[in-house]
Amino acid sequence: MEKYKNALYVIFKVFVSVVLISMVLMIFVNAVLRYVFNSGISATEELSRYAFVWVSALGAVLAYYQNKHVGVDILVNSLHGIPRLIVQTAAELIVLYALYVMVFGGWNYFVSTLNLDSAAIPIPMGIITVTPFVMGAAMLPKTILLIRDHIKEYLEYKKKRQKEDVKT
């Protein structure tokens, strides 16, 4: 399982890197064309916007999988046992609901814009509007695993407390 997770992480990381590099190159080439030749390629502006959206979305997924997302854990760190499990699980259930909204709302948005062409280039808007769906679907397994980990952590804490009670 860990091997597949690491492989998927590497694939995501390479994809994000390639998209980021292509975005930088498109913007650089367009800037040079504008300043040197007084003309630019309008398609690169739109493609760079699309690349930015995808880099942001997939970067958020990568950060979530590495636990580098923004989180306030002052309350959780001060709790132990059942209260900690309840707070952590409630937080993950809120995340699950947000992911549910992202997946189903994102899918509906994607379906409604799939046949629309973008403004500058004739590609479907679905390429960009599918990002919330992809983000939600990619973050869903991690959230479920976090709930499982919180329960395991509680059970280990409970076992440790029982051992300490037996010693005293």
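Colleague: Why is Trp107 called partly exposed?

Modeller: In this predicted model, Trp107 has a relative accessibility of 39%. Buried means under 20% and exposed means over 50%, so Trp107 at 39% counts as partly exposed.

Colleague: What makes Phe133 buried, partly exposed or exposed?

Modeller: The relative accessibility of Phe133 is 24%. The limit for buried is under 20%, so Phe133 at 24% counts as partly exposed.

Colleague: Why is the pair of Trp107 and Phe133 called tilted?

Modeller: A count of 4 aromatic pairs comes out of the rule. For Trp107 and Phe133, the ring centres are 5.2 Å apart, and pairing needs centres within 6.5 Å. The planes stand at 55 degrees; stacked needs under 30 and edge-to-face over 60, so this pair is tilted.

Colleague: How do you know which parts of the chain that pair ties together?

Modeller: Trp107 belongs to helix α4 and Phe133 to helix α6, so the pair links parts that are 26 residues apart in sequence.

Colleague: Which residues form an aromatic cluster?

Modeller: Tyr97, Tyr100 and Phe104 form one.

Colleague: What makes the charged end of Lys3 count as sitting over the ring of Tyr4?

Modeller: The charged end of Lys3 is 5.9 Å from the centre of the Tyr4 ring. The distance part of the rule asks for NZ of Lys within 6 Å, so 5.9 Å passes it. The charge is listed as sitting over the ring.

Colleague: Which residues have the most contacts inside the largest nonpolar core?

Modeller: Phe12, Val61 and Met139, in a core of 22 residues. Helices α1, α2, α4 and α6 each supply at least two residues of this core. The largest share, 9 residues, comes from α2. In soluble globular proteins, nonpolar side chains tend to be buried together.

Colleague: How is the lining of the largest pocket divided by class?

Modeller: The largest pocket has a volume of about 460 Å³. Of its 17 lining residues, His69, Gly71, Asp73, Glu92 and His150 are the closest to the centre. The lining divides into 8 nonpolar, 6 polar and 3 charged residues.

Colleague: What makes up the lining of the second largest pocket?

Modeller: By class, that lining has 10 nonpolar, 2 polar and 1 charged residues. The pocket holds about 290 Å³ of space. Among its 13 lining residues, Lys5, Leu8, Tyr9, Tyr65 and Ala138 lie nearest the centre. Lys counts as charged, so Lys5 is the 1 charged residue of this lining. Helix α1 supplies the largest share, 5 residues.

Technical notes. Residues are numbered from 1 along each chain as its sequence is written. This is a predicted model: local features need pLDDT of at least 70, side-chain atom pairs count only at pLDDT 80 or more; totals for chains, interfaces and linings use all residues. Side-chain values use heavy atoms; hydrogens and water are left out. On a 1 Å grid over the protein atoms alone, a cavity is a set of points where a 1.4 Å probe fits but cannot get out, and a pocket is an open set with protein on both sides within 12 Å along at least five of seven lines; lining residues have an atom within 4 Å of a point. Grid points are joined across faces, edges and corners, and a volume is the space filled by probe spheres set on the points. Helices (H or I, at least four residues) and strands (E, at least two) are DSSP runs, numbered from the N terminus. Rings of Phe, Tyr and Trp (its six-membered ring) pair if their centres lie within 6.5 Å; planes under 30 degrees apart count as stacked, over 60 as edge-to-face and the rest as tilted. Buried means under 20% relative accessible area, exposed over 50%, partly exposed in between (1.4 Å probe, protein chains only). A charge sits over a ring if NZ of Lys or CZ of Arg is within 6 Å of the ring centre and within 35 degrees of the ring normal. A nonpolar core is a set of buried Ala, Val, Leu, Ile, Met, Phe, Trp, Tyr and Cys residues joined through side-chain atoms within 4.5 Å.
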